[in-house]
Amino acid sequence: MQIADVVSFLKGADDFVILTHRQPDGDALGSAYGLLRVLSKIGKRAKVLHEGENLSEKFQYLTDGIEEASFEPKTVIAVDVADVKLLPHEYKETYKDIVDLCIDHHGSNTHYAKQYYVDSYAAATGEIIYQIEKELDVEIDIKIAEALYTAISTDTGCFKFGNTTSQTHSIASELMKTGMNFLDINRKMFESYSKERLAIECLAINSIEYSFDSRCATLWITREMMQKTGALEDDLEGLSSIPRMIKGVRVGITVKETETGFKVSVRTAPGYNACAICAELGGGGHEAAAGCFIKGSHADVREKLTSAVEKHIQKE
Ligand SMILES: [Mn+2]
């Protein structure tokens, strides 16, 4: 599909339900609400279905002025959803086999929809929604700009990550021309911590263990720390990038205890393969960022991680 095909599909369809992935981030929600607003500008009815009853407080502004729509959906769109397995549990059964169009930027997209538009050059799905909006000739208003800016700034780590391109900056520049309050969004996304977040970050940093001559650092987030600080899932965002930021660390690991086992995130320096380390333990991902799930005790996890890392952390 080309952008022009996406646009004629959208023009020809009606009564949209827009789905996005579990634990929705800024790109998931910004793209979903951005698309909803673009569709309503061309006279279409649309609603977004996201995980959970309420949106986390920091994303509330995305929904300003959107009225609750009640209609029988006729068209199902998934945005930023690489795999049908990532749909929220409460909607998975109903929608998994009937997604009409998937709009995404993950190269690993599993092509579960009837039609798809995947552009892995795009730093965020929000960049694709912007292109759709251009092609539809819809005027960008402040609310659309806020939604798409949220999508793009969050998926690029505020224009810092390697996925940022000149296209990313050009789109952001167009969005800023509406006079949208980017400062407010960036503060909400990147510079606003709850007390609980700060408290758990403190405990987590104190938990860091070094191994392999400090070329590997492991940060632990236990259920006890969660209880003690009252931190919620939302408060953990970005913690997994901390171990890798330590000078000299090549392999940064974050281990988060869950009810059923340990969720492991691995971040590596160039030349060290996070995906290969996680693959040893049944997981996967990208070269610089990957994950896996380990069952057992703390000691088991430590032992399994040590032997997986050992195979991939070369002496310099
Ligand atoms: Mn994304």
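Buried, for this talk, means under 20% relative accessible area; exposed means over 50%, and partly exposed is in between (1.4 Å probe, protein chains only). Next, the ground rules. This is a predicted model, where local features need pLDDT of at least 70, side-chain atom pairs count only at pLDDT 80 or more, and totals for chains, interfaces and linings use all residues. Residues are numbered from 1 along each chain as its sequence is written, and side-chain values use heavy atoms, with hydrogens and water left out.

Let's start at the metal. Which residues are the protein donors of the manganese ion? They are D27 (OD), D80 (OD), H105 (NE2) and D155 (OD), lying 2.1 to 2.3 Å from the ion. Donors here are N, O and S atoms within 2.8 Å of the metal (3.2 Å for Na, K and Ca); water is not among the atoms, so sites may look incomplete. Along the sequence, the donor spacing reads D-x52-D-x24-H-x49-D. D27 sits in helix α2, and D80 in the loop between β3 and α3 (89-95), so this pair ties together parts 53 residues apart in sequence. Are D27 and D80 buried or exposed? Both are buried. A note on names: helices (H or I, at least four residues) and strands (E, at least two) are DSSP runs, numbered from the N terminus.

Now helix α1, residues 3-12. Its buried residues are I3, V6, V7, F9 and L10. Seen down the axis of α1, they fall within an arc of 160 degrees, so they line one face of the helix. That arc is taken from the directions from the helix axis to the C-beta atoms. On the other side of α1, K11 and G12 are exposed.

Next, the rings. The structure holds four aromatic pairs. Rings of Phe, Tyr and Trp (its six-membered ring) pair if their centres lie within 6.5 Å; planes under 30 degrees apart count as stacked, over 60 as edge-to-face, and the rest as tilted. One of the pairs is Y149 with F159: tilted, 5.8 Å centre to centre, 50 degrees between the planes. Y149 is in helix α5 (residues 142-155), while F159 is in the loop between α5 and α6 (166-176). Both Y149 and F159 are buried. Y149 also pairs with F182, again tilted, at 6.4 Å and 55 degrees. F182 belongs to helix α7 (residues 182-190), 33 residues from Y149. F182 is partly exposed, because its relative accessible area is 32%. Together, Y149, F159 and F182 form one aromatic cluster.
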